[in-house]
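Dear colleague,

Please find below the structure that I am handing over to you. My notes on what was found in it follow.

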Amino acid sequence: MRRPAPATVRWGLLAAILLLWELVPATGIVPELFLPSLSKTLTVLVEDHQTYFAALLVTLYEVAFAMLIACGAGIVAGALVGGLTLLRNLLLPVFSSLYAVPIVILYPVFTAWFGVGSQSKIAFAGIYAFFPVMLSTAAGIRTIDPQFILAARSMGATLPQQITRVIIPASVPTVFTGLRLGGALTIIGVVVSEMLTSAAGIGYLVTLNRTILDSPRVFAAILMILVLAVAYYMLARAVERRMVVWQSAGRQQRAAARDSAAGVPAPAAA
Amino acid sequence: MQHVAHVTELHSRPGEAAIEVAHLSHAYASADGDVPALDDISMTVGVGRFVVIVGPSGCGKTSLLMMLAGLRAQREGTILCYGRPIRDPDPQRVGVIFQEASLFPWLTALDNIEFPLSLRGAPREDRRRRTAAMLTLVGLDGFGARYPHELSGGMKQRVSIARGLVQDPPVLLMDEPFAALDEQTRMTMGHELLRIWSATRKTVVFVTHSLTEAVYLADEVLVMSARPGRIIDRIEITLPRPRTYEMMATDVFGRLRDRIWQQIRKAS
Amino acid sequence: MSRTQIILTRLALLALVLGAWELLPRNGVINPLLLPPLGDVLTMLGELLGRPQVHDALATTAAEVLVAFLIAVPLGATIGVLIAENDYLGDIFKPILFYVFSVPKSIFLPMFILVFGIGFQQKVAYAAFTTTFVVLMSATAAVESVRADHVLVARSYGATRGQILWRVYVPSMMPILLETLRIAMIFNFTGVMIAEMYASRTGIGHLIASWGENFQMRQLFAGVILLATMAILFNEAVRFLEARCSTWRT
């Protein structure tokens, strides 16, 4: 019997999980409290769709602004630190060391400063995502082939021309990786902070419903977050693929090197 | 806005060479003091000649080429191109082709060729015409819209050559441009290069490791010693032009190549 | 810039930051209620380190971190190696890993609380859960980093499977393994902190969260400095080991 294609197996696994989610609670093996059935979860989501939708908007708003901070500052800082030898030697090891600190311990500081509203979430998620984006961009800048600059110089390009006509176009893949990473991390940062101390947002709905032991509503919120995160990832990959269609085989190797060179094997711990 | 210079405007005065190098010396700074790289190199390249430089690894031939291109500054000595010194890259006098084509992967072949012109801000129509002409010259008609990752190694080098020629510099410097290609492609590209050269009558300084390539392509071969690099021999290649593959099997070819090899062995 | 110049510049920058932290709140430029002066924070830190309540919290957290680590590393490593060794499984599961890493794993915390209640087990389970994935991915990468041509050479000399494992795979993977442990610990620590801050009655993360809720800023910052220092020290120690062990790696 021929083995099914890996993609098929994945879809099969997804279907199996959804099926189990529906059937297992019904059989009573696992109490409804621990795992409400899929249909119950979806029903609740539809019933309360206004609440959930409003919460989603709050979360997206926070993610958008946090992304602005994290990616804006992160990419620029990463480009500077990665590109300028002096800054790189001076600062990069410092930033790599700081990465070891769980940023989440700073969150109470932000709630004390900014309150329970969106500001503290934006500040926290912005900083949470900043470091990995900066480290990734710094590593990515270094994968630009120095031969390009030599070729441009031999053709008489001035320094501004070297930057605008060579360095910036060559940095596009790195920037897109930074955006993808930044978005994923800000979603994580926002969700974590909303779960911890908040008055609004989907993460808040998770915590709220957990404390009143309303499992279907908890899982509805969890489901929503899952869909959001996966949707963002798929969107980011699709855009990345389109934008950098000229990636040759060599570049793909360098892209892989970039992802692992940042020392950030995965988006986040949360 | 500068217009693209043509070779007719950089007419050498009678007796003037395309390139004149006088007492060029260079050393690199290292932790243990200066490392001599080039030692009192003097050479003259006549207009329209095809000169090949060979030498053992590390002899400094690439450094020499970088200096001829204005990409690196020498410690001592002068380099004149058509009577004027070379200090910075001057793509209207000197075009450079590197070993790695270094085509910008985000531009098509045509855009890559046009790149040097777009730096100068020449009018669009002129640029398009010149670029298309170069594409045809290197034999890549129809491939202009391809991206570098869609081109073979040989094709990439052709684009690189077209890019080096697009500003019509009278002098072309080539640093082992075919080294990364397989042998069969090398032979084809060498032949192609000679065709382009005789069509454009540029002055070419070509660096290579390959003795066969040197004899096949050159009017004159300069042999360099190991570090610190010195010119230890000038060999006039007396084979008739246009060169053919069949010449590679002749005695004359073999003797010339052997002479070069002996010189390199003595100097290593 | 020479090495000493770099270190001196960094120290100068640090002094600048610390100096600002001390002076700006003291002079009222920054509201000292929001950001207590560094001196006060350090004094508080000294005091905290003497309190038995803090000792207990640190001990609890340390225990959670250790147990979770000891669960996650073998588990993740085993699964990771399996995925790397079996091409078919790898093709199926590797794309899934990328999705996994885009998802906030903290959303599963309520599930752990529902099953385990609030306590030691729940925090350890959650932290182990998050860390396993990182170890998994690194283990896969580590196995795949072993060069096929090295294995081929060993096989051509008749090495047995065991010999290939010990004489080729393990030395090749050693630098990555150390780095994996270091990064796993970062994720592990973060996981424990999140769990403690979210729903817990013990542990230093819980203390920090409650200090924050009660606007006890000096204690809060003291706690942050303490944890940050410990995290950085551990990280640098492992980095040092890594550097010693991987001199052959370019």
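**Findings**

B:E20 stands opposite B:T44, a residue of β2(B). Helices (H or I, at least four residues) and strands (E, at least two) are DSSP runs, numbered from the N terminus. Two strands are taken as paired if DSSP finds at least two bridges between them.

This is a predicted model: local features need pLDDT of at least 70 and side-chain atom pairs count only at pLDDT 80 or more, whereas totals for chains, interfaces and linings use all residues. Residues are numbered from 1 along each chain as its sequence is written, and chains are lettered from A and ligands numbered from 1 in the order in which they are written. The predictor assigns the complex an ipTM of 0.86 and a pTM of 0.79. For chain C the mean pLDDT (the predictor's confidence in each residue, from 0 to 100) is 88, and 98% of the residues of that chain reach 70 or more.

Nine bridges join β1(B) (residues 19-30) to β2(B) in the antiparallel sense. Strand β2 of chain B also holds B:D40, which has a positive phi of about 50 degrees although it is not a glycine.

Two residues are in contact if their C-beta atoms, placed from the backbone, lie within 7 Å.

**The six-stranded sheet of chain B**

Chain B has an open sheet of six strands in the order β6-β7-β8-β3-β9-β10, and its pairing is mixed. The edge strands, β6 (94-97) and β10 of chain B, each pair on one side only. On average, neighbouring strands of this sheet are turned by 15 degrees against each other, direction ignored. Strands β3 (residues 50-54) and β8 (residues 203-208) of chain B pair in the parallel sense over five bridges, and B:V52 has B:F206 in β8(B) as its bridge partner. α1(B) packs on this sheet, where it touches β3, β6, β7 (171-175), β8 and β9 of chain B, and its direction makes about 155 degrees with that of β8(B). α7(B) lies across β3, β9 and β10 of chain B, at about 175 degrees to β10(B).

Two cis peptide bonds of chain B deserve mention. One runs from B:R227 to B:P228, with omega near -5 degrees; B:P228 is in the loop between β9 (220-224) and β10 (231-236) of chain B. The other joins B:R241 and B:P242, with omega about 0 degrees, and B:P242 is in the loop between β10 and α7 (251-267) of chain B.

**Helix packing**

In chain B, the axes of α2(B) and α3(B) (residues 124-137) come within 9 Å and cross at roughly 130 degrees. These two helices are therefore oblique to each other (angles under 35 degrees count as roughly parallel, over 145 as roughly antiparallel, 65 to 115 as roughly perpendicular and the rest as oblique). The contact is made by B:L110, B:I113, B:E114, B:L117 and B:S118 of α2(B) and by B:R127, B:R130, B:T131, B:M134 and B:L135 of α3(B).

In chain A, the axes of α3(A) (residues 49-83) and α6(A) (residues 118-141) come within 6 Å and cross at roughly 30 degrees.

**Contacts between the chains**

Of the two pairs of chains that touch, A and C have the most contacts. On this interface, 50 residues of chain C meet 45 residues of chain A. The largest share of the chain C side, ten residues, comes from α8(C). The contact between chains A and B takes 16 residues from chain A and 18 residues from chain B. The largest share of the chain B side, three residues, comes from α2(B) (residues 109-120). No contact joins chains B and C, whose closest C-alpha atoms lie 13 Å apart.

With kind regards

Technical notes. Axes are lines fitted to C-alpha atoms, for helices over the stretch in contact, and angles run from 0 to 180 degrees between N-to-C directions.
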